[in-house]
Amino acid sequence: MKRFILVLFSFSFVSYIYGQQDAIVYFQRLPAPMADPCNIDSTRLYFSQLDTVSIRLAKDIKAREMEVDQYMKNHDQEMKAGMMKNPGLNLTPEMAAKMKQDNKNLSPEQKKQLANQMMQQNMNASMQEVQKLKKDDKPVDSVAAMRWAKAYGTEKMADQQPDQSKIEAEQLKSKSLADLSKEHFDLNTKLLAGGGKYTQLLDSLQKDADSAWTELQRQIAPVQAEMDTIMSQWGREPNKTEAEGQRVDAKVKALKEIIYNRKKEYCPPLTERYTGILKDMIYYLPRTFKDNDRIDELYIEITYRRTGIRMPDAAKGLSSLKAVKNFADLLSEVQKFKLVGKEGDKSEIGSE
């Protein structure tokens, strides 16, 4: 068993460097959220590690999408012919007429409308109804959470039998189109409901951050106005003395300190909530990979049943990869509420 895991790690490492890889491998290589984003200034190592993974992941996703898109484009006419012949696909005369049109003659809105009609006709659900599911609805050490994620992913890879994919492929073939569509819809519902929790948390946090930003501006506005008045008056002073200049500098410094402290207070409560969400997602996200991969497999099979064209293997695993990329993007914004540095840098890099 140990030898199997060692070989598995070697294969994963080589594949990660030279080509496409599973979502769990990318996820394991992401850095844990910063321990103290509001006060840490040396972030080069963190963002270097994050960017390395994010760039490779983005290239992997793009390459897969291009391969799938090009393949489906090359088989466009065959797909249309297959959909017209498919007795299991319910098309109204109007929808059938649209299917006969070339893709270039359909606007993006028409394509979206056609997809919505087909979903309603064949899955008894509209895209809007699916989207609505997104709205339904303890302190954690980030390093420990990432260690758990790595251990979890390793365990899952080790437990995966070599012929498991073949078994699952055979199971797909034995299911009816209606069963496949229902399973696909149910899994989407499950994932949208689970991910909706984090969407709501992030939306609520941003709403509070915007309110806090407005209050911050209200507090520092009179201080900034007083400082501007002092500087303006000093600029018009005809008989400047060194002693008076020192007193002006002291007043301005004191006012700048007030503004600095107000801006510094903005970061901790918001960032603590933000990193808390990220730490919780570290445990949640790996558990979605199996369902996401299953959704891809179901979509590939459903598309094949309806069109006679089977998508290339590059389509498998895309949903999980995109979920990891979204998480990596969240990690990149871990300092979004930090307005000032340790030395009083007044550049505003937080809420906009």
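The predictor's confidence in each residue is expressed as pLDDT, from 0 to 100. The structure is a predicted model, in which local features need pLDDT of at least 70 and side-chain atom pairs count only at pLDDT 80 or more, while totals for chains, interfaces and linings use all residues. Residues are numbered from 1 along each chain as its sequence is written, and side-chain values use heavy atoms, with hydrogens and water left out.

The protein chain has a mean pLDDT of 78. Of its residues, 66% reach 70 or more. Helices are DSSP runs (H or I, at least four residues), numbered from the N terminus. Confidence is lowest in helix α1 (residues 2-18), with a mean of 38. Helix α13 has the highest value, 96. Residues 122-139 have pLDDT below 50. Contact here means heavy atoms within 4.5 Å.

Helix packing was described with axes, which are lines fitted to C-alpha atoms over the stretch in contact. Angles run from 0 to 180 degrees between N-to-C directions. Angles under 35 degrees count as roughly parallel, over 145 as roughly antiparallel, 65 to 115 as roughly perpendicular and the rest as oblique. A crossing is left-handed if the near helix is turned anticlockwise from the far one by less than a right angle, and right-handed if clockwise.

Helix α13 (residues 318-332) packs with α11 (residues 242-284). Their axes come within 11 Å and cross at roughly 155 degrees. The two helices are therefore roughly antiparallel. The crossing is left-handed. Tyr274, Leu278, Met281 and Ile282 of α11 meet Phe327, Leu330 and Leu331 of α13. The contact of α11 with α13 has 7 nonpolar, no polar and no charged residues.

Helix α3 (residues 44-74) also packs with α13. The axes come within 10 Å, at a crossing angle of roughly 150 degrees. α3 and α13 are therefore roughly antiparallel, and their crossing is left-handed. On the α3 side, the contact residues include Tyr46, Phe47, Leu50 and Arg64. Those of α13 include Leu318, Leu321, Lys322 and Leu331. By class, the contact of α3 with α13 has 11 nonpolar, 2 polar and 5 charged residues.

Helices α10 (residues 177-236) and α12 (residues 289-307) form another pair. Their axes come within 9 Å and cross at roughly 150 degrees. This pair is therefore roughly antiparallel. Its crossing is left-handed. Contact residues include Leu177, Glu183 and His184 in α10, and Asp291, Ile295 and Arg305 in α12. The contact of α10 with α12 divides into 8 nonpolar, 4 polar and 7 charged residues.

The structure holds 1 disulfide (a pair of cysteine sulfur atoms within 2.5 Å). It joins Cys38 to Cys267, with an S to S distance of 2.0 Å. The link of Cys38 and Cys267 is left-handed, with -85 degrees about the S-S bond.

Technical notes
Ala, Val, Leu, Ile, Met, Phe, Trp, Tyr, Cys and Pro count as nonpolar, Asp, Glu, Lys and Arg as charged, and the others, Gly among them, as polar.
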